[in-house]
Amino acid sequence: MPENGASSNIAPAKAAPAGSGLAAAQETKRQRTRMIIRAVGMLPVLLLLCIGFHVLSDGRFFTGQNIGIVVQQSAVNTVLAAGMTFVILTGGIDLSVGSILAAAAMAGLIISKFPDLGALWLPAAVLTGAVFGVLNGGLIALLRLPPFIVTLGSLTAVRGAARLLGADTTVFNPSIPYAFIGNGALTLIPGVLSIPWLWVIALLVILVSWLVLKRTVLGVHIYAVGGNESAARLAGIKVWAVLIFVYGVSGLLAGLGGAMQAARLYAANGLQLGQSYELDAITAVILGGTSFVGGIGSIWGTLVGALIIAVLSNGLILIGVSDVWQYVIKGLVIIGAVALDRYRLQGSART
Amino acid sequence: MSEPILEMRRVSKSFFSIKALRDVDLTVYAGEIHALMGENGAGKSTLMKILSGAYRPDPGSEIRIDGEPVQISGPLGGRAAGIAIIYQELSLAPNLSVAENIYLGREVSRGGLLAREAMQAAVGPILARLGADFTPQTQVANLSMGQRQLVEIARALHARSRILIMDEPTTALSAGESERLFALIRQLRAEGLAIIYISHRMDEVYALGDRVTVLRDGTLVGSLDKGDIRADTIVRMMVGRDVSSFYKKDHDPKNDPNARQGAPVLAAVDIADGRRVKGCSLTVHAGEVVGLAGLVGAGRTELAHLIIGAAPMISGHVEIEGRAVSIRTPGEALDAGIAYLTEDRKALGLFLDMSCLDNINLAVLGRDARFGGILDRDKARDRAKRAFAGLGIRAANVGVPAGGLSGGNQQKVLLSRLLAIGPKILILDEPTRGVDVGAKSEIYSIIDNLAKSGTAVLVISSDLPEIIGICDRVIVMRAGQIAGQIRRDATSPLSQEEIMALATGTEQLDA
C-alpha cells in the first residue's frame, strides 16, 4: 500500500538531495554514527548488567573467581555462536548444533577409550561435527532445501545418532587425554593471572572467525550471499560452495564445542548433552546485532552476546533469584535488549 | 483557466539541517497533465510525499485544494484530500485478486463476513471505464505490469481521487502498454482529473504534458507552457548548464582495424530455452555497440541470461572469437570474458548493505588476493578510488554502503565492477533505467569509450532514442525471435519507426 506508514521510517535518508555537498557530508556523518553504534552494539548493555549485578550481589560479581566462572560458562556457547554467525550472515539458520555437539562428544569419548587411538579423540570429535555440518550444507546448497527445515530434521536425526553411538548410555573416561582443556587454565602471570583453556579456545575461534570474515575473499562472499543471493550468483560467486562452507564451519565448531564439553565432564550422554544449546547460540548472534535476514553483522557482536547470556545466568544465581524466575527474566532481557538495539538504530538514522 | 485545484505555496521541507525542498510553488488545474521533472534528488519525491501525507511540510508552507487551505497528515491524509499516487514500484499484493487489492484496507463486510461479491460488483464498472481486459476476480500475479498499473489507477478512481500523481509510470511497461496508458491518461484529463506526471523521459513529456515544472536541488527552476516545451530548454533547466551532446558516439567500428577482420567477438548461435527464447542468433564485433531492441516481454533479457549461463539453454551455443565455448554459470561467463549488467540493479546487481568498495571489487577479489584468499585491501581501495574518479561516482567516500547512493551513482558502481574484470564482451541490460539525465549522458560516454578501446558492447534498451543515439547496429526481437536488424550508415540514420515496425511486426502488414 502506498499509504503504508512503515515506509516513512526510512524515507528521510533517501530524500536528502544526493547531489549537494552539504547533504553528502551529513550523510557520511550519519552513516559513521550508525556504524559506530553498530560496532559498539550491546557492549553498554553488557557493562550495565555487570555493574548492576556487582551492586546487587554486594560486590561478589567482579571477583577473579567469579569472572573465571563466567568466561568458562560462556566458552562453549561462544564457540557455537561463532559458527552460527557464519550461517546467519548468509541468511540461514542452524538448529542442529546442540545435537551435533552431543554426537561429536560421544564419538570423541568412544575413541578416547581405545588404548592406541586415545589421543585422536579430539580431532575425531571435531571431524564428526564437520561431517554433519557439511551434510547439512550439502542438502541446503545442492538440493535447495530451506535451512530451517533441513537443520530441524538433523536436530532430531543427529540427536538419535548421538544416542545410538553410546547405546543410549553415558560414556565415562576419567583418564581422557587433553583433559586440561576442559578444566585447566593457561597461566600468564604465575599466581596472579591465568585464563581457562576453554576461554582461550573460544577467543581463538572468535579471532580466526574475524580474520576469515573480514580479511578473506571467502568472507566478502559470505556477506554477499547473505546480502543478495541472486546478485551473488550473477556476480559469479559459487553460492553453493559458500553455503556448504558456512554449515560445515557451524558443524565443525559444534564438534569443537562437544570436545570442550567432553574434556570438562570426562563424560558424555547422547540424550542430555547440548539440549537446546542452539537457542543460546542463536540468541547470542542476534543480541550481537547480526541481522536475521543476512548480510549484516560482526563476530565481535556475537562475543558480546554470548557474554551477556553468561553474565545473566551467573548474576541471577549470585543474587539468589530462583531457577523459575531466571528463565522469565532472561527471556525478557533478551527481548528488551534487541528492542533497545532497534530503537537506537532507528534513532541514529534520524540524528 | 478556471480556479486551480491544487496550489502549493512556499513549500519547504528540511530534514535536520538539510533542506530537501525550498520555497517551492506548484499550481495544478483540473483537466491538465502537469509534468514534473528534475534529476534524482531534485526534490520530486519529497514534494510527492508531502502531498501523500507521508511528510509534514515545514511551517510557513501552504497547500490549498479548491482554494481551501488543507493539512495533509498521515498516510490517509492524502487520500482524504483526494490525492492518489501511483508509485514507480507498484504496491499491489500479487497473491490477492484485483478487487481485493482495490479494497485493501477498506474491505466491506456484512455481519462480520467479507462482502466479496459486493466489492467485485463495485469494481467492475471502474475497470470497464478504464478499458481493462481482466475481471475483478483475476489474481494480480497473473497480470502484466501494464495491467497492474491499471489496477492502481482503478484504486485511485475508486477512492474518488481528483489529483493523480504518477511517478515514472512507464518504467516497466512495453511501448504498446505505454501507448495505451497515455490514451488512458488523456481520457482521465478529459474527465476533469488533474494529473501530475513525473518522468525522466523527454518524449513522454512532449506527448502528454500541458505544462512542465522543473525542480533542481530542492528549488523551483520554472514552469513551461505547452508551446515552450523543448528538450534542450528542459535539460538546461534540470542540470543548470547546457548539455551540448547528450548522446555521445565518437567511436566508429568502420575505422577500427580490429573490428573489421576476423570472427565476431561474440556469436550466439540458434539459442533457445524452450519457453521465451525461440532460436536466436546474433553477433557482436570488437569495438561495436549493438542495440537489442524489442517490446518488454520479447525475450531480450532472457536471451542475455542464456548467453551468460544464468538460465539453462536447450539448444544452440555461444562462440567467442570464433570458438565454441561452454558456459553453464555466470562465473564461467566471466571467465570467458563476458560481463553482464543486470536490468534490475537492486534485486540482481548490487549488495545494498555492502560498501561501494566491496561492490566494485567483488568480481576480482579472487584474482587480487594474496596467499590464495587473503584480501588485498590496498589494491581494492585503489581500484575503488580510480573507479570513483574515472566514472565520476558521487558519494562521500568509497566506504559508504551502495544502497545510499542515487540511481545513477549506483549504476556506475555496478558498471565499475564489470569494468574491473576487463571484459571482452559487455552486455548492458537497460543501462540507464532510473538514472537521471546527467548520469545518463555520462554512461553513454563510458560506453563510447569502451567501444573505442575495442570492447564488444551489446545494449538492451527500451529507450529508442538511446538505442538510436549510441548504437552502430540494432537487432530487434519479437516474441522470442530475432525480427530483423538495422545497420546505421552515413546516408540513413537509425529510425525509431523502423525499429518499432520490426518490434511490433507491423512491417508484415505493409509488405
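Which residues does A:Val79 touch, not counting residues up to four places away in sequence? A:Val79 touches A:Ile201, A:Ala202, A:Val205, A:Leu253, A:Leu256, A:Gly257 and A:Met260. Touching here means contact: the C-beta atoms of two residues, placed from the backbone, lie within 7 Å.

This is a predicted model, in which local features need pLDDT of at least 70 and side-chain atom pairs count only at pLDDT 80 or more, while totals for chains, interfaces and linings use all residues. Residues are numbered from 1 along each chain as its sequence is written, and chains are lettered from A and ligands numbered from 1 in the order in which they are written.

A:Val79, A:Ala105 and B:Ile427 have the most contacts inside the largest nonpolar core, which has 192 residues. A nonpolar core is a set of buried Ala, Val, Leu, Ile, Met, Phe, Trp, Tyr and Cys residues joined through C-beta atoms within 7 Å. A residue is buried if 20 or more other C-beta atoms lie within 10 Å of its own, exposed if 12 or fewer, and partly exposed in between. Helix 12 (residues 239–265) of chain A gives this core its largest share, 15 residues. A second, separate core has 68 residues, including B:Leu6, B:Ile63, B:Ala156 and B:Leu173.

Now take chain A. Its secondary structure comes to 15 helices and four strands. Helices (H or I, at least four residues) and strands (E, at least two) are DSSP runs, numbered from the N terminus. Of the 351 residues in chain A, 50% are buried. Of the contacts in chain A with a separation of 6 or more, 78% join residues 24 or more positions apart.

One helix pair in chain A is worth a look. Helix 5 (residues 97–112) and helix 6 (residues 121–142) of chain A pack at an angle of about 145 degrees, with their axes 8 Å apart. Axes are lines fitted to C-alpha atoms, for helices over the stretch in contact, and angles run from 0 to 180 degrees between N-to-C directions. Helix 5 of chain A contributes residues including A:Ile100, A:Ala105 and A:Leu109 to the contact, and helix 6 of chain A contributes residues including A:Trp121, A:Leu122 and A:Phe132. The residues of this contact divide into twelve nonpolar, five polar and no charged. Ala, Val, Leu, Ile, Met, Phe, Trp, Tyr, Cys and Pro count as nonpolar, Asp, Glu, Lys and Arg as charged, and the others, Gly among them, as polar.

Next comes helix 13 (residues 277–287) of chain A. Ten of its eleven residues are buried, so this helix is largely enclosed by the rest of the structure. Among the buried residues are A:Tyr277, A:Glu278, A:Asp280 and A:Leu287. A:Leu279 also lies in helix 13 of chain A. A:Leu279 is exposed, with 12 other C-beta atoms within 10 Å. A:Gly289 follows helix 13 of chain A, and its phi is positive, near 90 degrees.

Turn to chain B. Helix 4 (residues 116–129) and helix 5 (residues 145–158) of chain B pack at an angle of about 115 degrees, with their axes 10 Å apart. B:Val123, B:Ile126 and B:Leu127 of helix 4 meet B:Ala154, B:Leu157 and B:His158 of helix 5. This contact has five nonpolar, one polar and no charged residues.

An open sheet of six strands in chain B has the order 6-9-10-3-11-12, with mixed pairing. Two strands pair if DSSP finds at least two bridges between them. Strand 6 (83–86) and strand 12 (219–225) of chain B are the edge strands, and each pairs on one side only. Neighbouring strands of this sheet are turned by 20 degrees against each other on average, direction ignored. Helix 5 of chain B packs on this sheet and touches strand 6 and strand 9 (163–167) of chain B.

Another open sheet of six strands in chain B runs in the order 18-19-20-15-21-22, with mixed pairing. Strand 18 (338–341) and strand 22 (481–487) of chain B stand at the edges with a single partner strand each, so one side of each is left without a neighbour in the sheet. Strand 15 (residues 289–293) and strand 21 (residues 473–478) of chain B run parallel, joined by four bridges. B:Leu292 stands opposite B:Ile475 in strand 21 of chain B. Helix 17 (residues 437–452) of chain B packs on this sheet, touching strand 15, strand 19 (425–429) and strand 20 (456–460) of chain B.
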